[in-house]
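Hi everyone, thanks for coming. I'd like to walk you through a structure today, so please have a look at the screen.

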Amino acid sequence: MDLTLWQYQFRIIMLGDSTVGKSSMLKRYTEDVFMECLNQTVGVDFYVHFLEVEPNVRVKLQFWDTAGQERFRSVTRSYYRNSVGGLLVFDLSNRSTFEHIPEWHQEVREHVQPHAVLFVLVGHKSDCDASGGGERVVSRDEAEKLAGRLGMPYVEASSKTGDNIATAFELATRRIYQGLLSGEVEIRDGWDGVKSSAPRQQPSQLARTAESERPEKKCAC
Ligand SMILES: Nc1nc2c(ncn2[C@@H]2O[C@H](COP(=O)(O)OP(=O)(O)OP(=O)(O)O)[C@@H](O)[C@H]2O)c(=O)[nH]1
Ligand SMILES: [Mg+2]
């Protein structure tokens with residue numbers, strides 16, 4: 001099977017303060033590597049991964065890895081509008097990165113309205129207590145409460161150990177896919193958040209069609 005074939009393409013943005021580990025999460029997910037010393041992202045980087053969300057439905061995930069540093073904000077802002085999903089990442093051992101999450105969320109909302117980006121909140125560096133690299137200063141309970149208030153799921157993960165990294169990305173992907181099936185997410189002209197290889201067939205119709213009626217045609221990237 002050609003691994004570059006896909007039925008849908010989702011654009012997903014990584015957001016959160018500098019050093020929370022956004023690039024490390026993507027390196028772990030797409031290359032299965034972890035680096036103690038990683039250059040800070042300059043502007044925006046780009047990663048690709050493929051995921052089968054159900055049998056014969058393959059999604060190409062395009063990730064925009066944004067720089068958390070404030071001086072790049074005008075560049076990273078221009079990527080909000082064409083993202084269908086996002087991971088809002090904070091560092092479990094750095095309280096201010098958690099406190100900034102509502103600001104990141106609000107900033108995106110302002111730029112994409114009247115549409116929405118489907119987010120997952122990630123408490124990252126969950127290894128921090130065990131590895132001695134720093135102590136956890138944000139409890140699971142308060143992070144779950146914030147996620148609930150912002151209307152998004154919450155997951156704790158570590159790029160260092162690999163724990164829950166795939167879960168975090170798959171949660172985001174499945175949330176978008178479910179949104180497509182339910183009609184919450186719609187493919188719009190002039191918007192690159194979601195692309196389909198069968199553009200005339202509405203994804204919400206797909207949910208109602210029998211298995212045999214799913215689009216057979218696949219598209220290369
Ligand atoms: N203990 C621990 N350290 C991590 C983890 N993930 C990343 N780090 C470290 O955190 C530092 C910052 O990671 P990056 O992935 O560059 O952070 P970033 O969010 O991409 O930062 P910007 O590009 O500046 O926005 C690096 O030194 C990593 O080695 C993790 O899961 N556990
Ligand atoms: Mg980075």
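Let's begin with the shell around ligand 1, which by class has six nonpolar, 14 polar and five charged residues. Keep in mind that this is a predicted model. In total, 25 residues surround ligand 1, and the closest are Ser-18, Gly-21, Ser-24, Thr-41 and Gly-68. Helix 1 and helix 5, which covers residues 128-131, are the elements that give two or more residues to that shell. Which element gives the most to the shell around ligand 1? That is helix 1, with three residues.

Now a step back to the whole protein. You can find eight helices and seven strands in the protein. Of its 221 residues, 38% are buried. Here is a number about how the chain folds back on itself: take the contacts between residues at least 6 apart in sequence, and 70% of them join residues at least 24 apart.

Next, please find strand 3, residues 57-66. Strand 3 is mostly covered, with nine of its ten residues buried. Strand 2, residues 44-54, runs antiparallel to strand 3, and ten bridges join the two. To trace this pairing on your screen, start with Glu-54, whose bridge partner in strand 3 is Val-57. Then go along to Val-48, which has Gln-62 as its bridge partner in strand 3. The hairpin of strand 2 and strand 3 has two residues between the strands, and there Asn-56 takes a positive phi near 70°.

Strand 3 has another neighbour to look at. Strand 1 and strand 3 pair in the parallel sense, over seven bridges.

Let's return to helix 1, residues 22-31, and see how it packs against helix 7, residues 165-182. Their axes are 9 Å apart, and the angle is about 95°. Is helix 1 roughly parallel or roughly perpendicular to helix 7? Roughly perpendicular, because an angle from 65 to 115 degrees counts that way. At this crossing, Met-25, Arg-28 and Tyr-29 of helix 1 meet Ile-165, Ala-166 and Phe-169 of helix 7. The residues of this contact divide into five nonpolar, no polar and one charged.

Now for a few backbone details. Most residues other than glycine have a negative phi, and most peptide bonds are trans. With that in mind, look at the loop between strand 1, residues 8-15, and helix 1, where Thr-19 lies. Thr-19 is not a glycine, yet it has a positive phi of about 75°. Is Thr-19 buried or partly exposed? Thr-19 has 16 other C-beta atoms within 10 Å, so it is partly exposed.

Asp-32 has 10 other C-beta atoms within 10 Å, so it is exposed. The cut-off for exposed is 12 or fewer.

What about the peptide bonds? Gln-113 and Pro-114 are joined by a cis peptide bond, with omega about 15°. Pro-114 sits in the loop between helix 4 and strand 5, residues 118-124.

For a last stop, let's look at His-111, which is in helix 4, residues 101-112. Which residues does His-111 touch, leaving out those up to four places away in sequence? They are Arg-77, Tyr-80 and Arg-81. Compare that with Tyr-79: His-111 and Tyr-79 are 32 residues apart in sequence, and their C-alpha atoms are 9.8 Å apart in space. His-111 is partly exposed, because it has 14 other C-beta atoms within 10 Å.

That's my tour, and I'm happy to take your questions.

Definitions and conventions:
Residues are numbered from 1 along each chain as its sequence is written. Chains are lettered from A and ligands numbered from 1 in the order in which they are written. This is a predicted model: local features need pLDDT of at least 70, side-chain atom pairs count only at pLDDT 80 or more; totals for chains, interfaces and linings use all residues. Two strands pair if DSSP finds at least two bridges between them. Helices (H or I, at least four residues) and strands (E, at least two) are DSSP runs, numbered from the N terminus. A residue is buried if 20 or more other C-beta atoms lie within 10 Å of its own, exposed if 12 or fewer, and partly exposed in between; C-beta atoms are placed from the backbone. Two residues are in contact if their C-beta atoms, placed from the backbone, lie within 7 Å. Axes are lines fitted to C-alpha atoms, for helices over the stretch in contact, and angles run from 0 to 180 degrees between N-to-C directions. Angles under 35 degrees count as roughly parallel, over 145 as roughly antiparallel, 65 to 115 as roughly perpendicular and the rest as oblique. Ala, Val, Leu, Ile, Met, Phe, Trp, Tyr, Cys and Pro count as nonpolar, Asp, Glu, Lys and Arg as charged, and the others, Gly among them, as polar. A residue is near a molecule or strand if its C-beta atom, placed from the backbone, lies within 6 Å of it.
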